[in-house]
Amino acid sequence: MPSSDPLPPKESALFRKLMKCYEMKQYKNGLKLAKQILSNPKYTEHGETLAMKGLTLNGLGRREEAYKYVRLGLRNDLRSHVCWHVYGLLQRSDKKYDEAIKCYRNALKCEKDNLQILKDLSLLQIQMRDLEGYKETRHHLFKLRPSQHASWIGFAMSYHLLGDLEMANSILEAFNQSQTSIEPNDYRHSELLLYQNQILVEAANYQRALEHLVKYENQIVDKLAIQETMGDLYIKLEQHSKAVPIFEGLIRRNPENTFYYSQYFLAKEISSPEDKLAVYKKFQEIYPRAMCPKRLPLDDVTGEVFRLVVDDYLRRGLRKGVPPLFVNVRSLHSDLGKTKIIEELMLQYYENLTRSGHFSRDDADRNLPVEPASAIVWTMLFLAQHYDYKRETDKALDYINAAIEHTPTLIELFIAKGRVYKHAGDPIEAYIWLDEAQSMDTADRYINSKCAKYMLRANLVKEAEEICGKFTREGVSPMENLNEMQCMWFQTECALAYQRMERWGDALKKCHEIDRHFSEIIEDQFDFHTYCMRKMTMRAYVGLLRLEDVLRCHPFYFKAAKCAIEVYIRLYDKPLKSEERIEEIDTENLPPSELKKLRSKQRKAKKKAELESAQAAQAQIKREQHQKSKQQANQDADPEAPQLDELIPEKLERPEDALEKAIDFLKPLQQLAKDRIETHLLAFEVYSRKNKILLMIQSIKRALALDVEHPQVQRCILRLIQVLPQLTNELNASVRLVVDKALNELIGTKSAQQLNNELIAKFGFSIKHLYECARTMYELDDKKQEEAIQLITSFDVNKLELEDASKIYESLRTGDFGKCEEALKSYKEVCQKRFKYARLFCDNVDNATTATATTNATTITKENATENHVENQVSSDL
């Protein structure tokens, strides 16, 4: 539909130049052209020109004026597709994609076959995952431009994403048949063929996929993808004899790829450990320098065969001096039999190396060459890591101290000693040893990062920031530069440190920064929608879309969201006073001596506040200067990017509705991390405070589906029973019927007391269950305080882990069981003997400043320890 106010030829030529200037980002020239058109008295209110003027102003960052002119232009010409299109572009620049889609649809009502509007609409639809709408738009584009490659590919991909794989394959097959001439080594055509083959494999049409690969093998450039796919298809089609030579060739190409070995065994139909070991030995002879054929047998063999194989593997690693040797065999410690064999061998090595310089007496008797002098150091390091894994801290420290005394210049020893103290519950001593390791090689970024992480675990945020500043950009605050670089491990640890220090606003700031990083990553996919279609990298593009769909299940986001939810729950339970009321104290009833002390304290606090205010003002000036330079630098890159609100800790820690803020972080976890029980426990905590009984029951049932015996889930059930009477009074009959049915499935007719007693009887061997039951016992009847405390403090302390002991101690100290100073003191003494290195139980340490750091160290699970070991291995390999 044409514009209701068309321009004459002269002004029309100026308008075309205006659009060209916008496309070329010549915004100032564009404003001059718009001014020329609008200066004509007949066209002062020309809608399309006003809209383009607004869009040009938006390119200059003048957002408010842009909206003013675009809306004015749209009001003057509602039937113009240009005005609606421009309004959609403006909304898109502000990331208001739903509104932009509405504008594009209105534009298409005026000009239904406009290619540019259809393309822009398809980009927004795939960004918002409106797959049905995307299919319709791509179909329309296909009908308008059937000769363009992108029309065919986009149309096929729309069906692929919707799951209609047969239709997607049919479209691609028709497109391939329409191709007349194909250049040799055409990468785009090759990628298109592999994409079509991927669709066939996903549709489980394995025979057709294999025939397709064989037919077009000469036209596909990626020969590795051909071999991997063809070998996998032969296995799925049970043509194993044809798959064997393929995977033999792949192993020859890369003997360090573990996937190739597993596929080779499937092709050879080998399943017994003895046969696998024979195959591995064959590959060891063919590829003597490869590590996989030496390491993989350790997972399969057992008993004396394992002893022989692991003996050879450990000797090689100790002789060569491989720092991550323990990391490579750490997974074997899940088998107690293998753990015992490894310990026996290592102790034998240590004894014989100390006495004769050989790994065994047999080697010495046969007068074999003496092992390298460094072998004893690596043996002691391995033993220290081994005993640290078993949480035998004394033995671990004995071996690591002996190793340091032998070779005081080996950095790995200091890192290992710091890790021992971390696991023993002393984060302060741990960071001291990491700091020592870092000082020995200040140019090593890995050790620098590990030292910073240990400092954050000890709540030394400022020191961690300073040490990271060695590798950040000069002239910029390290904290700001780390945020720009999306260094999420640092921000996550910062958030947890601030949470432990009860600096709620700072913790939330870091959590929101991490959330923004994930939002930016999701926004950044927008640029790839056109790029991948043009370059034909469809396999990678589909993988990107699927990754973006589950991006927020990443561990970084989970940790940040969990921290934010816990902080918001704490702020809901105990809201902070407003800043005006913090210093309100009744001074009239104070005695003169106390009043004098108070005045002195207030003067000191005032001076301190003034000094901090001055420092904050200087920091703010620097921040603003940096922000201006940053905006100037980004002006050419993305001038239309919306400005985000500044994250101010003082505002964040005083939210209007803390629970709604918590739910914003909870929803992505419920969608993408529903296989983690912590998600549903957090959901219960939030919904219980909102008195949402159906959502509370839903959270419990989802948690029970993951772990029916989890102690915290059982406590959630008990808490639900306690609050049930007050929540069900106001329910209507139909909702109450649903609640009664669900509760009957969960607990039947048992009372909270009966259920708690049953749990105590059933899980008397588990301190985690007894702790939750003891809390419930005290909440149900505070007269049973002594019985509840006795239930957890009488548990055999030798069977306790540091995490559980710390949790019980903190619960007694913070008053979860009422006033119990004697029980607290006696329990602390018991734990002090059991965990003598744990700072939390030390008498000569100020618990007020170090307890939170120690508590953090105790909550480092073996999973996190594994991550640290893997990081060490990767660094060593590099």
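This is a predicted model: local features need pLDDT of at least 70, side-chain atom pairs count only at pLDDT 80 or more; totals for chains, interfaces and linings use all residues.
**Notebook: salt bridges**

I counted 46 salt bridges, taking one as a side-chain nitrogen of Lys or Arg within 4 Å of a carboxyl oxygen of Asp or Glu. Residues are numbered from 1 along each chain as its sequence is written, and side-chain values use heavy atoms, with hydrogens and water left out.

**Asp363 and Arg315**

I looked up aspartate 363 and found a salt bridge to arginine 315, with the closest N and O atoms 2.8 Å apart. The two sit 48 residues apart, aspartate 363 in helix α22 (residues 361–365) and arginine 315 in helix α19 (residues 303–320). Helices here are DSSP runs (H or I, at least four residues), numbered from the N terminus. Buried or exposed? I checked aspartate 363, and at 6% relative accessibility it is buried. Arginine 315 is buried too, at 14%. My cut-offs: buried is under 20% relative accessible area, exposed over 50%, partly exposed in between (1.4 Å probe, protein chains only).

**Asp506 and Arg503**

Aspartate 506 and arginine 503 meet through their side chains in a salt bridge, 3.1 Å from N to O. I have arginine 503 down as partly exposed, at 37%.

**Asp515 and Arg552**

Next I found aspartate 515 bridged to arginine 552 at 3.2 Å, N to O. Aspartate 515 is in helix α31 (residues 504–524) and arginine 552 in the loop between α33 (538–549) and α34 (555–573), so this pair ties together parts 37 residues apart in sequence. Both aspartate 515 and arginine 552 are buried.
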